[in-house]
Amino acid sequence: MNHTLLLEIGVEEVPAKPLADAVLQLKQTAEESLSAHRLAYGSVETFGAPRRLTLIVRDLAASQEDHVLEVRGPAAKAAWDESGAPTKAAIGFAASKKIDVSTLVRRSEAGGEYAWASIEEIGRPATEVLPELLTSLIGGLSWPKAQRWGRGETRFIRPVRWIVALLGDQVIPLEFGGVSSGRTTQGHRFLAPQREIDIPSADDYPRVAETGMFVFDAEERARLIADGIAPFETAEGLRTVIPEKTLAEVINLVEWPTVAVGTFDTEFLVVPREVIQTAMTKHQRYFPVEDSAGNLVNRFVIVHNGDAARQQEIVAGHERVIRARLADAAFFYREDMAASLDTWADKLRATVFHEHLGTSGAKVARIEALVDKLAALHQSTAEETSTALVAAKYSKVDLVSQVVIEFPELQGHMGYHYVAARGLGEPVALAVREHYRPRFAGDVVPSTLPGMLVSAADKLDTIVGIFAIDQAPTGSADPYALRRSAIGVLSMLLEGGLRFNLAAAIAVAIDCYSEMFPDISEGPTSQSVLDFFEVRLGNILRDRGHAHDTVAAVLARTAAEPLDAAARCEALTQARALHPQVFGDLSTAYTRALNLSAPQLGLSPDVSLMGPAEIRLAEALTDAETAVDRTFASRDYPALLDTLASLRQPIDEFFDAVMVMDEDETLRNNRLRLLNRFVALFARFADFSKLSG
């Protein structure tokens, strides 16, 4: 008869993020382990709450499935003699497997014939398998940080205080961290009528959870929170601002969620919204509230783990906390508004950016110089360049403001408010706010060209500087987030409308370091940085669905032009899909021509020395070169590839009819010049030798 399996690991409060990860991890490992142990089951569910991690397996088989294990023994010629009688080798092999030697069979494998034993393993009862299996599941959980407690050597995210392990109504005996399993769970610390509650059987767990006043299912806790917020919103005509990350954290901070609403003084609403919202969501895990127009109001939603009967006291306590936090923020903001931007710029000159790369003030000076040069590469207007230069000058001033020192995540956001308040204009303020974008993969790029210019200059300066001091990312280590910065620059070039050649941009970024590192332009930094960008670009293009060899072929020719590389990949992918045989054959022909080519001979063959097949190829190349010039100018790459595809027949005929490496040196060199033309034409678009066919 099948039963429900319950495993509950009772712990001291687990942080929200590791708890969410452990729930997913436990489900995966449980499914894998049950299958590996041949224990059939209906479903596996895992749940997490601050003080417990729960596994429920429905319809778990009472015993393992029987299994026949096939084991290879000695070679057949060693296992049986000429008369077919088993030898000592066969008898010894059979004895080691505890089977009769007569059950051995001959079977061929890997070019040889061997003796094989079929060993039937009778499935053991689940009650015998589960103790070791469950202990392994608990101990096998991976945590970002684990700790020891007491005098034991066991490591876990937090000390384990109880373990429930039930198969139906039967306790599965196991021990972990000095705690033995049983059927007793613990209810809510403050609300449960009794702290320790026995669970009669695994199927009674939901009922016991209700009695113990804990909600073990995170989805149910989320529903309870939503149900608690809805009446307040309806009654007041307000809307709760619920950031996804904050909600996910709050859900895993409470076992019996109760919703309450607090207020704060309206005078704090003069502080920028970002400050209030950050203080609430990031620091206190409250939810801000806004009116129908999207403006914050002096209300906030609390999700607490306390007694609803003491709601008034609980809310008053939270109001005191947020009042103190907002009072500090308001004070810092007033102090910041009284300071001048130039005073902050002076402070940056005394603030270290990196011990080997100078101060933040020096970095800002490099960003300004680089913005000017990138604007020239992009060919931006005078107004756009001017806006970007002013934004660059003040892009980092908020780093020394009191609000950002208190709330580091608001860098850029506060710069926007400080710059706008000084009358420098919305375009400059917006560029200051957005120059940190994109902050992560998938983030939006700055919405204006000045913002993108400052963002690209900031990121390029950091990348080049860190490469120059030989601290480039290695393996998974990327302490300065250079990969993210490179992806950010590429995103602006691919999606944001920013236009410059990467190699040229890297060169001007290196030039901005010439005073600090006089020999930098002569070193390997430029190529190393370009290679670094090429790897990131290749990943992006492959993520867009382009084949590995397509990307390799294109980047061999145009890695410094990301948007152009993307367009070439798109055209080549479509062409290969429509004409796989044509481009496979062209790849082969190109590789053959490339291997034979002799660039030192030039591209001008003598028509008078040509035979019919050579003349047809030369004429086809002349027509194709004219068409390719035209399509390159308009970047009509599908048409360009159609032109290249038209050369398949003349190049095939050439190789069929002509001995390239003729004994006559004059003929041989003339034919090589013709192949040089063929290779040079194809190489303008991609390195077709990298296509797999």
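## Helix α10 and its cover

The buried residues of helix α10, which spans residues 341–348, are Leu-341, Trp-344, Ala-345 and Leu-348. Buried means under 20% relative accessible area, exposed means over 50%, and partly exposed lies in between (1.4 Å probe, protein chains only). Helices (H or I, at least four residues) and strands (E, at least two) are DSSP runs, numbered from the N terminus.

An α-helix has 3.6 residues a turn, so residues three or four places apart point the same way. What covers the buried residues of α10 includes α9 (311–338), β18 (358–359), α11 (360–378) and α14 (413–421). Contact here means heavy atoms within 4.5 Å.

## About the model

This is a predicted model, in which local features need pLDDT of at least 70 and side-chain atom pairs count only at pLDDT 80 or more, while totals for chains, interfaces and linings use all residues. Residues are numbered from 1 along each chain as its sequence is written, and side-chain values use heavy atoms, with hydrogens and water left out.

## Salt bridges

Side chains of opposite charge can pair when their charged atoms come close. A salt bridge is a side-chain nitrogen of Lys or Arg within 4 Å of a carboxyl oxygen of Asp or Glu. By this rule the count is 41 salt bridges.

Take Glu-255 and Arg-51. Their side chains meet in a salt bridge at 3.9 Å, N to O. Glu-255 lies in the loop between α7 (244–251) and β14 (258–263), and Arg-51 in the loop between β2 (43–49) and β3 (52–60), so the pair ties together parts that are 204 residues apart in sequence. Both Glu-255 and Arg-51 are buried.

## Glu-290 and its partners

The side chain of Glu-290 meets that of Arg-239 in a salt bridge of 2.3 Å, N to O. Glu-290 lies in strand β15 (residues 287–290) and Arg-239 in strand β13 (residues 239–240), so this pair ties together parts that are 51 residues apart in sequence. Glu-290 also meets Arg-273 in a salt bridge, at 2.7 Å, N to O. Arg-273 sits in helix α8 (residues 273–284) and Glu-290 in β15, so here the parts tied together are 17 residues apart in sequence.

Is Glu-290 buried or exposed? At 7% relative accessibility, Glu-290 counts as buried. Arg-239 is partly exposed, with a relative accessible area of 43%. Arg-273 is partly exposed too, at 30%.

Elsewhere, a network of salt bridges links Lys-363, Arg-366, Lys-396, Asp-458 and Asp-461.

## Strands around β6

Two strands pair if DSSP finds at least two bridges between them. Strand β4 (residues 67–75) runs antiparallel to strand β6 (residues 112–121), and seven bridges join them. Here Glu-70 has Ser-118 in β6 as its bridge partner.

Strand β5 (residues 105–109) also pairs with β6 in the antiparallel sense, over five bridges. Ser-108 stands opposite Glu-113 in β6. Which shape do β5 and β6 form? They form a hairpin with two residues between them. In the turn, Ala-110 has a positive phi of about 50°.

## Aromatic rings

Rings of Phe, Tyr and Trp (its six-membered ring) pair if their centres lie within 6.5 Å; planes under 30 degrees apart count as stacked, over 60 as edge-to-face and the rest as tilted. The structure holds 21 aromatic pairs. Phe-678 and Phe-682 form a tilted one, 4.6 Å centre to centre, with 40° between the planes. They are four residues apart in helix α26 (residues 665–683), about one helical turn. Phe-678 counts as buried at 0% relative accessibility. Phe-682 counts as buried at 0% as well. One aromatic cluster is formed by Tyr-590, Phe-632, Tyr-637, Phe-678, Phe-682, Phe-685 and Phe-688.

A charge sits over a ring if NZ of Lys or CZ of Arg is within 6 Å of the ring centre and within 35 degrees of the ring normal. The charged end of Arg-52 sits over the ring of Phe-214, 3.6 Å from its centre. For Arg-433, the ring is that of Tyr-416, and the distance to its centre is 4.0 Å.
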